[in-house]
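Here is a chain to be read through questions and answers, from its overall fold down to single side chains. Please look over the sequence and the structure before going on.

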Amino acid sequence: MGLIYKQVLVKGNKGEWTLRVLMDTGASNSVIRSDIAHKLGTPAPLARTILAEFASGRGEVKEMVSLSLQLDGHEVVTTALLLENLTEELLIGAEFFQRYKILLDPEKEDIRFTDPEALKVKII
C-alpha cells in the first residue's frame with residue numbers, strides 16, 4: 001500500500017503555509033512538527049502530558065494547535081499535537097478521516113469526502 005502525501009494550505013491564527021501533509025490512517029491523532037506549529041498558530045497546553053509512541057521511539061506531547069486545512073475544495077478544521085522531531089511537516093491521523101468521513105485511495109494517491117453532512121458543524 002502506498003503513502004498519500006498532499007500539498008495542503010494550512011492556516012493558523014498567526015498565518016498560513018502550504019505544507020506537505022502525510023495522510024496516515026495508522027496514526028491515531030494528527031501531529032505537527034513543533035517549529036511549524038509555532039509559525040502557524042499559538043499552541044495551547046494539554047490538560048495533561050501525553051506519552052506518544054512513534055516510529056523512531058517515544059516522546060511527551062504537551063501542546064496542541066488548532067488548524068484549518070484546504071482539502072479537495074473544502075475548508076476543514078482540526079487540532080494537531082506538537083512533536084519536536086517529527087520527520088513530516090504535518091501528519092493527519094485516523095480521527096480526522098473518521099470525523100470528516102474521508103476515504104483514502106493509496107493506489108490513486110487520492111482522498112475522497114464521502115458524506116457532505118460530515119462537513120457541517122452541528123450543535124444540538
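Q: Which pattern does the chain follow when read along the sequence?
A: In this predicted model, the secondary structure comes to 2 helices and 9 strands. Placed in the order in which they occur along the sequence, these elements give the pattern β-β-β-α-β-β-β-β-α-β-β.

Q: What radius of gyration does the chain have, and why does it agree with that of a compact globule?
A: The C-alpha trace spans about 35 × 35 × 30 Å along its principal axes. For 124 residues a compact globule would have a radius of gyration near 14 Å, and the chain agrees with this because its own value is 14 Å.

Q: Among contacts between residues at least 6 apart in sequence, what percentage joins residues at least 24 apart?
A: Contact here requires heavy atoms within 4.5 Å. Of the contacts in the chain that span at least 6 places in sequence, the share joining residues at least 24 apart is 53%.

Q: How many residues does the second, separate core have?
A: Apart from the largest core, in which Leu-67 and Leu-90 are among the residues that touch the most other members, there is a separate one that includes Ala-27, Leu-46, Leu-83 and Leu-91. The number of residues in this second core is 10.

Q: Is Thr-78 buried or exposed?
A: Thr-78 lies in strand E6, and, leaving aside its neighbours within four places in sequence, Thr-78 is in contact with Ser-30, Val-65, Ser-66, Leu-67, Leu-69, Glu-95 and Phe-96. Its relative accessible area is 11%, and since the limit for burial is under 20%, Thr-78 counts as buried.

Q: Why does Leu-9 count as partly exposed, and what is its relative accessible area?
A: Leu-9 belongs to strand E1, and its contacts beyond four places in sequence are with Glu-16, Trp-17, Thr-18, Ser-68, Leu-69 and Gln-70. The buried class ends under 20% and the exposed class begins over 50%, with partly exposed in between. Leu-9 is partly exposed because its relative accessible area is 26%.

Q: Which residues do ring pairs link into a cluster?
A: The count comes to 2 aromatic pairs, one of which is formed by Phe-96 and Phe-97 at 5.8 Å centre to centre, with 85° between the planes. As an angle over 60 degrees counts as edge-to-face, this pair is edge-to-face, and both Phe-96 and Phe-97 are buried. The cluster linked by ring pairs consists of Phe-96, Phe-97 and Tyr-100.

Q: Which residue lies over the face of Tyr-5?
A: Arginine side chains sit over tyrosine rings at two places that can be named here: Arg-99 lies over the face of Tyr-100, at 4.5 Å from the ring centre. Over the face of Tyr-5, at 3.7 Å from the ring centre, lies Arg-20.

Key
Residues are numbered from 1 along each chain as its sequence is written. This is a predicted model: local features need pLDDT of at least 70, side-chain atom pairs count only at pLDDT 80 or more; totals for chains, interfaces and linings use all residues. Side-chain values use heavy atoms; hydrogens and water are left out. A nonpolar core is a set of buried Ala, Val, Leu, Ile, Met, Phe, Trp, Tyr and Cys residues joined through side-chain atoms within 4.5 Å. Buried means under 20% relative accessible area, exposed over 50%, partly exposed in between (1.4 Å probe, protein chains only). Helices (H or I, at least four residues) and strands (E, at least two) are DSSP runs, numbered from the N terminus. Rings of Phe, Tyr and Trp (its six-membered ring) pair if their centres lie within 6.5 Å; planes under 30 degrees apart count as stacked, over 60 as edge-to-face and the rest as tilted. A charge sits over a ring if NZ of Lys or CZ of Arg is within 6 Å of the ring centre and within 35 degrees of the ring normal. The radius of gyration is taken over C-alpha atoms; the globule rule is 2.2 Å times the number of residues to the power 0.38.
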